[in-house]
Amino acid sequence: MDKAYDVIIIGAGVIGTGIARELSRYELDVAVLEKEPDVGWGTTKANSGIVHAGYDAKPGTVKASFSAPGNKRYDEWAKPLSVPFKRIGSFVSTKDRSQLSELQKLKEQGKENGVDQLEVIEDTDRIRELEPNISNSVKAVLHAPTAGVVAPYKLTIALFENARDNGVTFFFNSPVHGIDVPESSEENGKFTIRCPEEVLTASYVINSAGIFSGEVANMVGDESFSISPARGEYYLLDSELRGYVNKINFPLPTDESKGILVTPAAEGSIIFGPNHQPLEEPSLATTRDGLEEVYQGAVSLFPDIDTDKIVTNFAGLRAKSNTDDFVIGESEAVGNFINVGGIQSPGLTAAPAISEHVVELLDDLGLRFTKDPEFEPVREPIPRFSEMDPDEIVDYTADLEATKEIVCRCEEITRAEVEEAIDRGATTLDGIKFRTRARMGSCQGGFCTPRLVEILSDKLGVSPEEVTKKGDDSYLLAEETKER
Ligand SMILES: Cc1cc2nc3c(=O)[nH]c(=O)nc-3n(C[C@H](O)[C@H](O)[C@H](O)COP(=O)(O)OP(=O)(O)OC[C@H]3O[C@@H](n4cnc5c(N)ncnc54)[C@H](O)[C@@H]3O)c2cc1C
């Protein structure tokens with residue numbers, strides 16, 4: 001029988017999981033449909049991980065109305081969910097004193113958007129005290145101390161785990177390919193949502209399908225907006241360089257993008273990027289020219305950074321709407337269908353404020369809900385055994401052997417952590433990587449991948465040949481080699 005839900009959310013990026021977690025505070029039946037085998041594998045997994053202060057968005061836009069409020073709510077999300085988040089502050093730099101007025105304009109814009117503590121610094125000694133390795137050519141910066149860095153995939157995994165533990169049902173490998181709209185005459189009519197393996201019904205639908213949110217809106221006859229992808233490419237450096245860069249460093253922004261930044265990521269490594277490449281079709285391939293642009297942008301801010309320590313490159317896709325703004329609200333075509341689309345940057349920043357707003361919207365639309373007295377806001381992290389002392393480990397676990405077996409040497413990840421990641425929902429190598437960092441270090445999985453395949457195969461009860469990197473047909477092994 002088809003299961004009926006109060007609310008169905010389409011897409012489990014930071015927006016879909018954030019809304020799911022906010023709704024899990026109430027006594028409601030909520031389901032999330034995600035086309036991938038895991039959460040956060042769309043735009044959410046590949047971005048700069050910056051919780052922007054909020055000065056950048058033009059006042060009066062939807063983006064601006066959610067940016068600074070999102071930033072202010074971040075501690076309320078990160079702390080109980082045990083997510084790496086640090087307010088390290090950001091710099092927008094200029095090498096040309098004639099551009100000081102641009103920094104002042106950004107500062108004024110920030111004030112209008114509700115951003116606190118913004119300061120233009122012209123004292124170059126002070127700039128270098130705060131950021132010792134920045135280019136000597138930098139003459140002034142806009143300092144935004146409230147900006148921070150977060151691990152976006154870890155945040156999304158934590159939101160998912162906490163929403164699931166508080167009663168939300170998640171369906172993975174479930175691409176929505178059709179939605180039947182309730183007859184307008186029908187009282188309390190329900191949407192029917194079709195996936196290959198599931199047919200579900202719901203009174204309210206939330207479309208948070210990222211770069212596919214335009215297509216999902218089209219499924220209910222809503223053609224009010226469209227999305228085109230814009231790629232951003234990055235370099236990731238070895239965590240050995242931890243401490244070389246202290247702040248989130250931007251050049252002056254352009255109309256198209258915030259420019260190539262250099263920043264520590266929340267978990268220690270340094271990233272350069274992104275550039276801005278509008279595309280006809282989604283593609284995550286990196287390009288030689290694009291990476292050169294990223295490289296040049298980064299070394300112009302940090303000329304002496306050891307670029308031999310680059311370990312990999314990657315790309316993410318912005319969901320750029322034709323309105324060039326977030327599309328948030330009830331569909332004009334169909335009642336009780338809420339679009340949360342076109343969430344390009346600073347969507348990660350805005351996510352806590354957007355999630356709360358969607359709950360208020362559902363209330364305005366007539367969904368009746370009461371607080372769940374059993375809601376548990378706290379989610380424990382997967383412990384890092386290599387960082388614990390032996391007494392703590394004994395208190396924590398019964399399987400001591402698993403805490404002693406280092407599987408990923410670069411990041412010092414133990415078998416116990418990998419097994420716990422699988423127990424919490426990882427079904428692929430990428431699922432383990434985003435939960436534990438195994439395969440994220442300098443060898444990029446060169447040493448640990450065979451062991452991870454064995455552990456996944458044992459825990460999931462599948463053959464090693466069936467283990468995948470990221471679902472679908474991303475198999476690693478063909479068949480067992482035979483002795484001659
Ligand atoms: C290069 C780059 C840098 C960025 N940097 C920052 C930053 O530093 N700070 C910041 O605040 N923001 C940043 N952003 C923006 C931020 O990453 C996004 O706003 C945010 O991740 C959007 O989340 P989402 O949940 O809307 O989309 P997504 O993460 O894409 O989630 C949508 C989900 O829907 C699923 N889906 C799609 N179609 C269907 C379907 N038919 N059925 C079921 N599931 C479906 C997808 O698989 C996906 O998991 C950046 C973006 C990019 C591309």
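Which residues are the closest to the ligand, and how many surround it? In this predicted model, 40 residues surround the ligand, and G11, G13, G42, G210 and G347 are the closest of them. By class, the shell around the ligand holds 18 nonpolar and 18 polar residues, together with four charged ones.

The ligand shell can also be placed in the domain layout. The domain assignment divides the protein into domain 1 (1-85 + 149-226 + 322-381), domain 2 (86-148 + 230-317) and domain 3 (385-466). Domain 1 and domain 2 each supply at least three residues to the shell around the ligand. The centres of domain 2 and domain 3, taken over C-alpha atoms, are separated by 33 Å.

Two packed helices are described by the angle between their axes and the distance between the axes. For helix α2 (residues 62-72) and helix α9 (residues 347-364), the angle is about 90° and the axes are 7 Å apart. An angle from 65 to 115 degrees counts as roughly perpendicular, so α2 and α9 are roughly perpendicular to each other. On the α2 side, the residues in contact are F66, S67, P69, G70 and N71; on the α9 side, they are T349, A350, A351, P352, A353 and I354. Seven nonpolar and four polar residues make up the contact of α2 with α9, and no charged residue takes part.

Most residues other than glycine have a negative phi, and most peptide bonds are trans. Against that background, a cis peptide bond joins S345 and P346, with omega near 5°. P346 is found in the loop between β20 (337-341) and α9. Another cis peptide bond links G273 to P274, where omega is about -10°. The loop that holds P274 runs between β16 (270-273) and β17 (277-278).

Phi of Q117 is near 65°, in a residue other than glycine. Q117 sits in the loop between α4 (100-112) and β6 (119-121). Is Q117 buried or exposed? With 12 or fewer other C-beta atoms within 10 Å a residue counts as exposed; Q117 has 11, and is therefore exposed. For Q444, phi is near 50°, again a positive value in a residue other than glycine. The loop between α13 (429-436) and α14 contains Q444. Q444 is partly exposed, because 15 other C-beta atoms lie within 10 Å.

K469 is 16 residues from V453 along the chain, and the C-alpha atoms of V453 and K469 are separated by 9.3 Å.

Technical notes. Residues numbered from 1 in each chain as written. Predicted model: local features only at pLDDT ≥ 70, side-chain atom pairs only at ≥ 80, totals over all residues. Axes fitted to C-alpha atoms, helices over the stretch in contact; angles between N-to-C directions. Helix = DSSP H or I, 4+ residues; strand = E, 2+ residues; numbered from the N terminus. Parallel < 35°, antiparallel > 145°, perpendicular 65-115°, else oblique. Contact = placed C-beta atoms within 7 Å. Nonpolar A, V, L, I, M, F, W, Y, C, P; charged D, E, K, R; others polar. Near = placed C-beta within 6 Å. Domains from an automatic or database assignment. Buried ≥ 20, exposed ≤ 12 C-beta atoms within 10 Å, placed from the backbone.
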